[in-house]
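User: I would like to learn how to read strand pairing and ligand contacts in a model. Please take one feature at a time.

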Amino acid sequence: MTTTYPNIIDGARDDAGAGFDVINASTGEVAGRAISADAETLDRAVAAARRAFPGWAATPWADRQAACNKIAGLIGAHAEDLARLLSTEQGKPLNGVGARFEIGGCQAWTSYTASLTLEPEILQDTPEGRVELHRVPIGVVGAITPWNWPVLIGIWHIIPTILAGNCVIIKPSENTPLSTLRLVELMQEALPPGVVQALASDGGLGPDMTTHPGIDKISFTGSIPTGSKVMASAAKDIKRVTLELGGNDPGIVLPDVDPKAIAEGLFWGAFINNGQTCAALKRLYVHEDVHDAVAEALVGVASAMPMGDGLDEASIVGPIQNRNQYNIVRDAVQDALDKGAVLLCGGIPEGNDLFFPTTILSGVEPGMKLHDLEQFGPALGITKWRDEDAVVALANDDKCGLGASVWSSDPARARRLADRISAGTVWINKHGMIQPNAPFGGVRQSGIGVQFGVDGLRECTNVKTIIS
Ligand code: NAD
């Protein structure tokens, strides 16, 4: 029997509205049903959030920390069920860097974030006067999230926001709403009604949120084109925005590497979550001296990774989550092949399902979609380089600037090169390894603002200065 996961409004399950099917990316079967909230449902949720806000904002910081810690405990207690639900709707395997990893990350992120504080700062205390800087909650925050890491990204939006004293209404992606709805249902055990609410939608609710006068901030993770619409829409009544958008991350491999030693790190950097990760390695630049050896070692790792149904304990990589994304990856690979790239492993499959073999191509150059656009899937292009200045210029010549990496056996040389890369995060000898104490965000069109750590927490507040 198909389970319906209701919206969560004012502390309770709410099933007003038409249901829609959520499809299991691995099997094509119905994973469950969600209920599409409309503008009237959103009004009710906003009213509940506005009722809850004064009390929650006045709740002592330590009590809000305790509530977040309780949420971490609830996630831990329900981890396996959440992981299975996530795997069923998203397609990602339970194992590998998959659904169990994601739910474990939710618990860890929640616990770490709950430990943070924002103390007032005394900017001046002299006979002439005193200046205090306080961080105060913003109000009601609308969180809009994508389908690739739906639960973990939900946690990134919810936990710092409520810790800082705000209320949240989260709208998960229409492709993967179920695990977020269940997560927010669990959170009700730790929170007063209206502090965190979840509304699913089969497509239309995002613009209603970005224009709603009762929402003070939009916290958005998704693609650059949608982020641009969110920002334009939020501009109407000057809503605050945090935008975590797309990436086309470069990785530069220097000639002094040991190809076999870095191959697994390169693989996970590029193919974590089957490449459907904002900060995955998407352009791999390898020095000509080690190009062939690195390509061979990387193909060796990729070819050994079992791909299959997310719920199969043997699977380490899964399908692409949806047909739209599958077509983007297929077109990028076809375009690269048409323009002369060389297929090293994988390739465009014949089947009608969403499984796309891990695909690596060499000879990928600017002008090919696989190089110039965010493929967001299991295909990676390798570009050979000779001149360091030229490869740095190429790496930086992109509208995105989320992450980047440098791979070398010489720490000092790698560190110097990292200084020349323009991105929100530069990793050395790894890629995409985000952590809750390291601010994460993009430059250029990869976004505005950061998440994680104290800097991320500050984004959930307004500055209030008291001068006496
Ligand atoms: P998307 O932009 O298509 O959708 C994201 C969310 O926006 C969904 O919930 C969707 O329903 C909603 N939405 C769609 N139109 C809207 C509108 N007009 N107004 C308001 N909301 C609207 O992105 P996606 O395909 O779900 O996710 C993939 C993208 O997300 C990739 O580009 C990826 O790089 C990016 N991403 C970025 C980060 C980061 O932290 N920088 C993390 C994960 C994913």
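User: How many bridges join β6 to strand β7?

Analyst: Strands are DSSP runs of E of at least two residues, and helices are runs of H or I of at least four, numbered from the N terminus. Two strands pair if DSSP finds at least two bridges between them. Here β6 and β7 (residues 129–137) run antiparallel and are joined by 5 bridges. Within this pairing, Q124 has V131 in β7 as its bridge partner.

The model is predicted, with local features needing pLDDT of at least 70 and side-chain atom pairs pLDDT 80 or more, while totals for chains, interfaces and linings use all residues. Residues are numbered from 1 along each chain as its sequence is written, and side-chain values use heavy atoms, without hydrogens and water.

User: In what order do the strands of the open sheet with β6 lie?

Analyst: The order is β6-β7-β23, an open sheet of 3 strands with antiparallel pairing. β6 (121–126) and β23 (461–467) are the edges; each has a single partner strand, so one side of each lacks a neighbour in the sheet. From one strand to the next the twist averages 20°, an angle on a 0 to 180 degrees scale between the N-to-C directions of axes fitted to C-alpha atoms.

User: What is the pairing in the open sheet β1-β5-β4?

Analyst: That sheet, also of 3 strands, has mixed pairing. Its edges are β1 (4–5) and β4 (19–23), each with a single partner strand, so one side of each is without a neighbour in the sheet. β4 pairs with β5 (residues 30–35) in the antiparallel sense over 5 bridges, and F20 stands opposite A34 in β5.

User: Which residues come nearest to the ligand?

Analyst: A residue is near a molecule if one of its heavy atoms lies within 4 Å of it. There are 28 residues around the ligand, and T145, E174, S223, L245 and E374 come nearest.

User: Which elements give two or more residues to the shell around the ligand?

Analyst: They are α7 (205–211), β11 (217–221) and α8 (224–234). The largest share, 3 residues, comes from α8.
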